[in-house]
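Q: I would like a close look at a single part of this structure, with its surroundings described in some detail. Please take the residues one at a time.

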Amino acid sequence: MNHIFPLHQAAVPITGSQEMFPVRRIYCVGRNYAEHAKEMGFDARELPFFFCKPADAVVPVLTGTLGKVAFPSRTDNLQHEIELVVAIGKGGGNIPVDQANAHVFGYAVGLDMTRRDLQFAMRDKGRPWEIGKAFDQSAPLASIHPLSETGILDQGAIRLKVNGQEKQSSDIAKLIWSVPEIIANLSEYFSLAPGDLIFTGTPEGVGKVEKGDTLVGSIAGLGDLSIVLV
Ligand code: MN
């Protein structure tokens with residue numbers, strides 16, 4: 001078959017494998033840690049909700065290396081959100097909570113980079129968030145660790161340092177909605193498929209970063225995600 005141009009397939013390294021994980025869709029959960037919901041000005045008991053980023057927003061960063069991420073245009077308030085990312089290996093719709101972990105291929109450390117000024121401007125007008133959340137290179141992601149290697153992850157420290165200084169520190173056990181609950185609920189709205197990524201939300205401590213800053217995120221059992229903003 002002839003193609004008028006080649007289409008880039010976003011993909012992420014897998015630890016212990018030469019193969020790459022091809023990215024189909026990126027789903028993100030909003031306000032899924034109580035203390036972060038509070039710092040965003042919301043009641044901690046509000047149900048989470050979903051938004052999306054395009055697959056090619058991913059910046060794959062091989063674990064143990066320093067990734068370069070372009071500082072985005074049109075913002076005076078770029079913020080970091082460190083998140084546990086779930087990689088889906090088996091698709092489905094209306095997935096029951098007690099079967100949801102069987103759909104997980106693995107886990108990774110990710111950053112939901114956010115143009116907070118634009119997100120809030122859109123939010124306050126009741127408009128879509130895309131210009132604040134779904135911009136180019138807005139989803140740096142370290143290597144995916146297969147569940148077969150990590151086991152089911154439902155607790156462990158999640159941290160982010162900016163230029164060596166700790167900014168975010170929590171535990172993934174504090175997710176308001178757990179990974180199986182997220183998968184079950186999301187799959188009521190969208191048919192999940194292999195290649196989908198789910199950013200599960202960020203803990204408190206989000207803040208502004210500048211060009212030249214180095215960000216190092218970590219989750220227990222998944223190693224580090226290290227990037228520099230260029
Ligand atoms: Mn987020």
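Is Glu83 buried or exposed, and what is its relative accessible area?

A: In this predicted model, Glu83 is buried, because its relative accessible area is 0%, and a value under 20% is what counts as buried.

Ser218, which is found in strand β17 (residues 214-219), touches Ile82, Val109, Ala157, Ile158, Arg159, Gly223 and Asp224, leaving aside residues up to four places away in sequence. The C-alpha atom of Ser218 is separated by 23 Å from that of Gly89, and the two residues are 129 residues apart along the chain.

Asp196 sits in the loop between α5 (179-189) and β15 (197-199), and it counts as buried because its relative accessibility is 0%. The side chain of Asp196 is joined to that of Arg24 by a polar contact of 3.0 Å, while a polar atom of the Asp196 side chain lies 2.8 Å from the backbone nitrogen of Ala193. Not counting residues up to four places away in sequence, Asp196 touches Phe21, Arg24, Arg25, Tyr27, Val86, Ala87, Ile88 and Ser191.

Notes: Residues are numbered from 1 along each chain as its sequence is written. This is a predicted model: local features need pLDDT of at least 70, side-chain atom pairs count only at pLDDT 80 or more; totals for chains, interfaces and linings use all residues. Side-chain values use heavy atoms; hydrogens and water are left out. Helices (H or I, at least four residues) and strands (E, at least two) are DSSP runs, numbered from the N terminus. Buried means under 20% relative accessible area, exposed over 50%, partly exposed in between (1.4 Å probe, protein chains only). A polar contact is a pair of N or O atoms within 3.5 Å; within protein, one must be able to donate a hydrogen and the other to accept it, and residues adjacent in sequence count only if both atoms are side-chain atoms. Contact means heavy atoms within 4.5 Å.
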